[in-house]
Amino acid sequence: MTTTDKRESFLAGERPEDVALFLAESYVSDDRLEQFGERIDDGVLIVVDGERGRNAFKAATGTGAMEFAGSAMGTEGIVDGDLTGGTCPEAAGEDAAADEDHHAQFVFAFAEEQNEEVGGLYADGAVIHAYAQCACGTAYSDRWTLESESESEN
């Protein structure tokens with residue numbers, strides 16, 4: 001399976017055992033990462049099994065993936081549906097596209113299968129949980145179901 005196929009399967013909720021990790025070129029400039037993922041305009045997106053992904057995240061960022069997710073959960077933002085960026089909540093009202101201080105340095109995401117017993121969002125379909133770190137230092141989170149359009153245009 002190609003890296004692009006892995007990414008598409010992940011974004012369709014078909015790889016709940018995997019995690020996705022986007023590393024912006026401005027944050028990590030290690031050409032070796034491309035052998036593990038897909039080159040995106042301004043970084044690399046990697047989709048790997050959960051354990052390897054969490055280890056790669058810690059190696060690249062110096063922070064544990066779940067610790068980072070826990071810290072980002074307190075701040076809602078918008079993570080792009082392709083997991084390669086987002087809109088920092090601190091950039092609200094600013095021209096974020098023109099502001100170099102507000103771009104995602106990295107994104108960590110995982111999918112959770114539909115669970116009607118839990119209810120709410122989880123009853124509607126598989127859910128993507130995404131966490132981003134902005135260049136300004138703000139960590140934020142987003143989540144959406146895959147069976148419906150998310151609030152963040154996913």
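1. Let's start with helix α2, whose buried residues pack against β1 (18-24), β3 (43-49), α3 and β6 (104-112). Contact here means heavy atoms within 4.5 Å. Helices (H or I, at least four residues) and strands (E, at least two) are DSSP runs, numbered from the N terminus. "Buried" means under 20% relative accessible area, "exposed" over 50%, and "partly exposed" in between (1.4 Å probe, protein chains only).

2. A word on where this comes from: the model is predicted, so local features need pLDDT of at least 70 and side-chain atom pairs count only at pLDDT 80 or more, while totals for chains, interfaces and linings use all residues. Residues are numbered from 1 along each chain as its sequence is written, and side-chain values use heavy atoms, with hydrogens and water left out.

3. Which residues of α2 are buried? They are Gly50, Gly53, Phe57 and Thr61. Looking down the axis of α2, you'll find these buried residues within an arc of 60°, so they line one face of the helix. (The arc is that of the directions from the helix axis to the C-beta atoms.)

4. The length of α2 checks out too: at 1.5 Å a residue, its 12 residues should span 16 Å, and the end C-alpha atoms are 16 Å apart, which agrees. The expected span is 1.5 Å times one less than the number of residues. Just after α2 comes Gly62, with a positive phi of about 80°.

5. Now take a look at Phe57 again. Together with Phe68 it forms a tilted aromatic pair, 5.6 Å centre to centre with 35° between the planes. Phe57 sits in helix α2 (residues 50-61) and Phe68 in helix α3 (residues 65-72), so the pair ties together parts that are 11 residues apart in sequence. Phe57 is buried at 0% relative accessibility, and Phe68 is buried at 4%. For the rule, rings of Phe, Tyr and Trp (its six-membered ring) pair if their centres lie within 6.5 Å; planes under 30 degrees apart are stacked, over 60 edge-to-face, and the rest tilted.

6. How many aromatic pairs does a search of the whole structure find? Seven. One aromatic cluster is formed by Tyr27, Phe57, Phe68, Phe106, Phe108, Phe110 and Tyr131.

7. On to charges. There are six salt bridges, each a side-chain nitrogen of Lys or Arg within 4 Å of a carboxyl oxygen of Asp or Glu. One of them joins Arg39 and Glu25 (2.1 Å, N to O). Arg39 is in strand β2 and Glu25 in the loop between β1 and β2, so this pair ties together parts that are 14 residues apart in sequence. Arg39 is partly exposed at 36% relative accessibility, and Glu25 is partly exposed at 41%.

8. Being three residues apart in α2, Arg54 and Glu51 are separated by about one helical turn. Both ends are partly exposed: Arg54 at 31% and Glu51 at 47%.

9. Finally, Arg7, Glu38 and Asp82 are linked in a network of salt bridges. Glu38 lies in strand β2 (residues 38-40) and is buried, at 16% relative accessibility.
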